[in-house]
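Please take a moment to look over the sequence and the model below. We will then walk through them together, a few residues and elements at a time.

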Amino acid sequence: MGSYDLNRLNNNEFEHLIQSLSSEMFKYKNIIFGSGPDGAREATYEGNCKINNNDSKGYHVIQAKFKECSSKKDNMDWEWAKKEFEKEIRKFQDNKKTIRTPEVYLFFTNIKFTPVNKTGGRDKIEEIKNKYLNLIPNIYIYGYDDICRFLDNNRDIATAYSSFIL
């Protein structure tokens, strides 16, 4: 199993990495959006697929959030991820915007969510996620460890980004 230095990427490179991984996830049937104002999405997919062995249907939005110089202290990274996640979710709640609310939302970040039961970053972000399931019924949040496993299982993408992440 690989350990990758995602902090060697910059924001654009991280977005491209997530777009590549999501393209593989959706069998290259997703739509990729370029740099700049992207309407709260790096990519979208409309249809049926499997995510984490669950059937997933409808409009999917993929969002990538990169934190430069991810800290050694979980509470700092966790707070940043929470803020970024909630800022993106609020865009779907804003009636003045014409952003389509997805049925499935995939939020990727380079930060490490600590695994400590109930007090670690992973459990905390999952608890925050649950507050928004009435708006978006299927939300998946992927951190550093999740992205490393995606790269382990998608060697061609890991190889393509090897000069950045190894």
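Predicted model: local features only at pLDDT ≥ 70, side-chain atom pairs only at ≥ 80, totals over all residues.

You will find I62 in strand β3, residues 54-65. Strands here are DSSP runs of E with at least two residues, helices are runs of H or I with at least four, and both are numbered from the N terminus. With a relative accessible area of 1%, I62 is buried; that word means under 20% relative accessible area, while exposed means over 50% and partly exposed lies in between, using a 1.4 Å probe and protein chains only.

Residues are numbered from 1 along each chain as its sequence is written, and side-chain values use heavy atoms, with hydrogens and water left out.

T44 belongs to strand β2, residues 43-51, and counts as buried at 5% relative accessibility. Apart from neighbours within four places in sequence, T44 meets N30, I31, F33, Y59, H60, V61 and I62.

F108 sits in strand β4 and is buried, with a relative accessible area of 1%. Its contacts, not counting residues up to four places away in sequence, are F14, I18, M25, I62, Q63, A64, K65, Y142, I147 and F150. The C-alpha atoms of F108 and F66 are 8.3 Å apart, and the two residues are 42 places apart along the chain.

How do α1 and α4 meet? The axes of helix α1 (residues 11-25) and helix α4 (residues 144-153) come within 11 Å and cross at roughly 55°. Each axis is a line fitted to C-alpha atoms, for helices over the stretch in contact, and angles run from 0 to 180 degrees between N-to-C directions. The two helices are therefore oblique to each other; under 35 degrees would count as roughly parallel, over 145 as roughly antiparallel and 65 to 115 as roughly perpendicular, with the rest called oblique. On the α1 side, F14, L17, I18, L21 and M25 touch I147, F150 and L151 of α4. The residues of this contact comprise 8 nonpolar, no polar and no charged ones. Here Ala, Val, Leu, Ile, Met, Phe, Trp, Tyr, Cys and Pro count as nonpolar, Asp, Glu, Lys and Arg as charged, and the others, Gly among them, as polar.

Helix α3 can be read in a similar way. Its buried residues are G121, I125, I128 and K129. These cover an arc of only 105° around the axis, which puts them on the same side of α3.

Now for the loops. L133 lies between α3 (121-130) and β5 (138-142) and is partly exposed, with a relative accessible area of 31%. Leaving out residues up to four places away in sequence, L133 touches N138 and I139. V116, in the loop between β4 and α3, is partly exposed too, at 47%.

Our last stop is backbone angles. Most residues other than glycine have a negative phi. Y28, which is not a glycine, has a positive phi of about 60°. Y28 is in the loop between α1 and β1 (31-32) and is exposed, with a relative accessible area of 53%. K118 also has a positive phi, near 70°. K118 is located in the loop between β4 and α3 and is exposed at 66%.

Methods:
Contact = heavy atoms within 4.5 Å. Arc of directions from axis to C-beta.
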